[in-house]
Amino acid sequence: MLQEKLLKKISNFARSTFVPITEDMDGEYDSSKFSGIPWLSQNEEWPICPNCHKPLNFFMQLNLKDLPTMSHLAQLHDSEGLVQLFYCTNEDPHCESECEAFLPFSNSVVVRLVDIAGKKPQKIEESPVVGAFSPKRIVTWEKEKDYPDYQELAENNVELTEDEEDVYCELELTVFGDKLSGWPAWVQGVEYPNCPECGETMQILFQIDSEDHLPYMFGDVGCGHITVCPRHPHQLAFGWACS
Ligand SMILES: [Zn+2]
Ligand SMILES: [Zn+2]
């Protein structure tokens, strides 16, 4: 009864989210994948951390043409290319804290849209990253229903009673773990960055949780988000938070 009432109350906020299903191998250069070898253009250097001058760890890549339809990012579907995320995992120096990599637009993080139309990738046999993670190719996506967490609901003027909040958590209405689109599972409250170009609130593209497809822990079991401007697909950000 309470559950039905609750679901009715939040029904307008339902979005689809897509959980990646992977296999343990690297894909093509232009595949959607975690780790492995990224698509780099022929004369390009592997992205380097400006703090420690070591190659950045390649976290993931999404080929826009592989992605299921995301209702809140219509404009992104008019674009082509690869969204890539590189992140410095060097602990000596500890670039993550020195560069405040939990905040969007940190300089030890590269998140970008790469145009590959008509271009050939660089042939790279082996990752130059010391301790690179083993590759996981994204084979398909499993669709699930997703709702904003209670903090984001409150920002949208939907107040839950205490009982409703309990049911909300019990049902895990906000999907945890790695996922495409949907709603962010916020740890420290709603933290969408603004687009540096137009000031618009950026939207979730991908959630990277600690120790899911990547064997990496953001702080103390933190959760990270790649966000994108709904109007400017090349404006991307990555940030994370932990409790
Ligand atoms: Zn570094
Ligand atoms: Zn913008």
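**Figure 1. Overall fold of the predicted model.** From the N terminus on, the elements follow the order α-β-β-β-β-α-β-β-α-α-β-β-β-β, that is, four helices and 10 strands (DSSP runs numbered from the N terminus, H or I of at least four residues for helices and E of at least two for strands). This is a predicted model, in which local features need pLDDT of at least 70 and side-chain atom pairs count only at pLDDT 80 or more, while totals for chains, interfaces and linings use all residues. Residues are numbered from 1 along each chain as its sequence is written, chains are lettered from A and ligands numbered from 1 in the order in which they are written, and side-chain values use heavy atoms, with hydrogens and water left out. The radius of gyration is 18 Å, which agrees with the value near 18 Å for a compact globule of 243 residues (taken over C-alpha atoms; the rule is 2.2 Å times the number of residues to the power 0.38). Along the principal axes, the C-alpha atoms fill a box of roughly 60 × 40 × 40 Å. Of the 243 residues, 51% count as buried (under 20% relative accessible area; exposed is over 50%, partly exposed in between; 1.4 Å probe, protein chains only).

**Figure 2. Site of the zinc ion (ligand 1).** The protein donors are C49 (SG), C52 (SG), C88 (SG) and C95 (SG), at 2.2 to 2.4 Å from the ion (donors are N, O and S atoms within 2.8 Å of the metal, or 3.2 Å for Na, K and Ca; water is not among the atoms, so sites may look incomplete). The site is tetrahedral, with angles of 104 to 115° among its four donor atoms (four donors count as tetrahedral if all angles lie between 85 and 135 degrees). Spacing of the donor residues in sequence is C-x2-C-x35-C-x6-C. Both C88 and C95 are buried.

**Figure 3. Site of the zinc ion (ligand 2).** Here the protein donors are C195 (SG), C198 (SG), C229 (SG) and H232 (ND1), lying 2.1 to 2.4 Å from the ion. Angles among the four donor atoms run from 105 to 119°, and the site is tetrahedral. The donor residues are spaced C-x2-C-x30-C-x2-H in sequence. C195 is buried at 4% relative accessible area, whereas C198 is partly exposed at 30%.

Figure 4. E152 is buried but has no salt bridge, and the nearest side chain of opposite charge, R15, is 6.1 Å away (Lys and Arg count as positive and Asp and Glu as negative; His and the chain ends are not counted). A salt bridge is a side-chain nitrogen of Lys or Arg within 4 Å of a carboxyl oxygen of Asp or Glu. Leaving out residues up to four places away in sequence, E152 touches W183, P184, W186, V190 and Y192 (contact means heavy atoms within 4.5 Å).

**Figure 5. Salt bridges.** The count comes to six salt bridges. In one of them, K9 pairs with E164 at 2.8 Å between the closest N and O atoms. This pair links distant parts of the chain, with K9 in helix α1 (residues 2-9) and E164 in helix α4 (residues 162-170), 155 residues apart. K9 is partly exposed at 35% relative accessibility, while E164 is buried at 2%. D26 forms a salt bridge with K33, the closest N and O atoms being 2.7 Å apart; K33 is buried, with a relative accessible area of 1%.

Conventions:
Four donors count as tetrahedral if all angles lie between 85 and 135 degrees; four count as square planar and six as octahedral if opposite donors are over 155 degrees apart and all others between 65 and 115; anything else is irregular.
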